[in-house]
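Grab a pencil and have a go at each exercise before you read its solution.

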Amino acid sequence: MNIVLLGAPGAGKGTQALRMEERYKLKHISTGDIFRQHMRRQTEVGNLARSYIKKGQLVPDDVTLKIVSIALEEAGNKDFLLDGFPRNTRQAEMLDELVKIDKVINIDVDKAVLTDRICGRRSCVECGYTAHISALNGSACPKCGCEMVQRMDDREDTVRDRLRVYEEQTAPLIEYYGAKGILVNVDGMGSPEEVFAEIGKVLG
Ligand code: AP5
Ligand code: MG
């Protein structure tokens, strides 16, 4: 089954994707993670992406579509889980031309908690593990011991812009996939385990 995870910044897409990848043996494709890898390696794509990501804007569609096509090719015959893509109607239409999507899971979280979740998030520079600052003991990653840092787009002013971009460009996809009859809404306000249990009810 090929799945798209929808949700506002901070809704918990990445958190659930890691669990889903393991349980359902899916290939996890996160456009945000791919851009961050490119930025770390300072590739041409990474340098271009950085100029948009630091302002909370979407990276241009042609660049994003290219990296998604490559990732889908790499997935081969394996079922996949898209996290952070598509993010606007054009991307969704292009995706429809490339592959068949079976289910879209929209993680629904109250706007009021998103900013706290994002601004409090720390990510490991080495293994990518993320956690809220309140759950960390110091700045070392509990998984690999490397440094946990704040993502450059997780500062409050950038988060405001990301949430605005989400409302304007990504939220309309709820209707887009609803009209296709493949959208399922999941309550994202519980603990990560509770949200995963809700997803489990959808996927079996
Ligand atoms: P991307 O990396 O995709 O970021 P995002 O969509 O803004 O979402 P986040 O990763 O911030 O949140 P999440 O939903 O994954 O939440 P998480 O699980 O981490 O994109 C970054 C940028 O790249 C974009 O702004 C854009 O510039 C560019 N980009 C990416 N894709 C693109 C595309 N398709 N087109 C164009 N540009 C693109 O959780 C957040 C925090 O909350 C964590 O601290 C976590 O521990 C905590 N948390 C999670 N679940 C729970 C819970 N149930 N209860 C309490 N806390 C929780
Ligand atoms: Mg994420």
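**Exercise 1.** Which residues of helix α6 (residues 111–119) are buried? Find them, then work out how they are arranged around the helix.

*Solution.* Keep in mind that you're looking at a predicted model.

- Step 1: Go along α6 and pick out the buried residues, which are L114, I118 and C119.

**Exercise 2.** Work out how helix α4 (residues 61–75) and helix α5 (residues 89–98) are placed relative to each other.

*Solution.* 

- Step 1: Take the two axes. They come within 11 Å and cross at roughly 30°.
- Step 2: Name the arrangement. Angles under 35 degrees count as roughly parallel, and α4 and α5 are therefore roughly parallel to each other.
- Step 3: List who meets whom. From α4 come D61, T64, L65, S69 and L72, and from α5 come R90, Q91, M94, L95 and L98.
- Step 4: Sort the residues of this contact by class, which gives 5 nonpolar, 3 polar and 2 charged.

**Exercise 3.** Now do it again for helix α1 (residues 13–24) and helix α9 (residues 192–203).

*Solution.* 

- Step 1: Here the axes come within 10 Å and cross at roughly 50°.
- Step 2: That angle makes α1 and α9 oblique to each other.
- Step 3: The crossing of α1 and α9 is right-handed.
- Step 4: On the α1 side you have T15, Q16, R19, M20, R23 and Y24, which meet P192, E193, V195, F196, I199, G200 and L203 of α9.
- Step 5: By class, the contact of α1 with α9 comes out as 7 nonpolar, 3 polar and 3 charged residues.

**Exercise 4.** Is L6 buried or exposed? Find out, and describe its surroundings.

*Solution.* 

- Step 1: Locate L6, which lies in strand β1 (residues 3–7).
- Step 2: Use its relative accessibility. Buried means under 20%, and L6 has 3%, so L6 counts as buried.
- Step 3: See what L6 touches, leaving out residues up to four places away in sequence: K13, P86, V104, I105, N106, I107, T170, L173, I174, Y177 and L183.
- Step 4: Finish with a distance. L6 and H28 are 22 residues apart along the chain, and their C-alpha atoms are separated by 14 Å.

Methods
Residues numbered from 1 in each chain as written. Chains lettered and ligands numbered in written order. Predicted model: local features only at pLDDT ≥ 70, side-chain atom pairs only at ≥ 80, totals over all residues. Heavy atoms only, no water. Buried < 20%, exposed > 50% of the residue type's maximum accessible area, 1.4 Å probe, protein only. Helix = DSSP H or I, 4+ residues; strand = E, 2+ residues; numbered from the N terminus. Axes fitted to C-alpha atoms, helices over the stretch in contact; angles between N-to-C directions. Parallel < 35°, antiparallel > 145°, perpendicular 65-115°, else oblique. Contact = heavy atoms within 4.5 Å. Nonpolar A, V, L, I, M, F, W, Y, C, P; charged D, E, K, R; others polar. Left-handed = near helix turned anticlockwise from the far one by under 90°.
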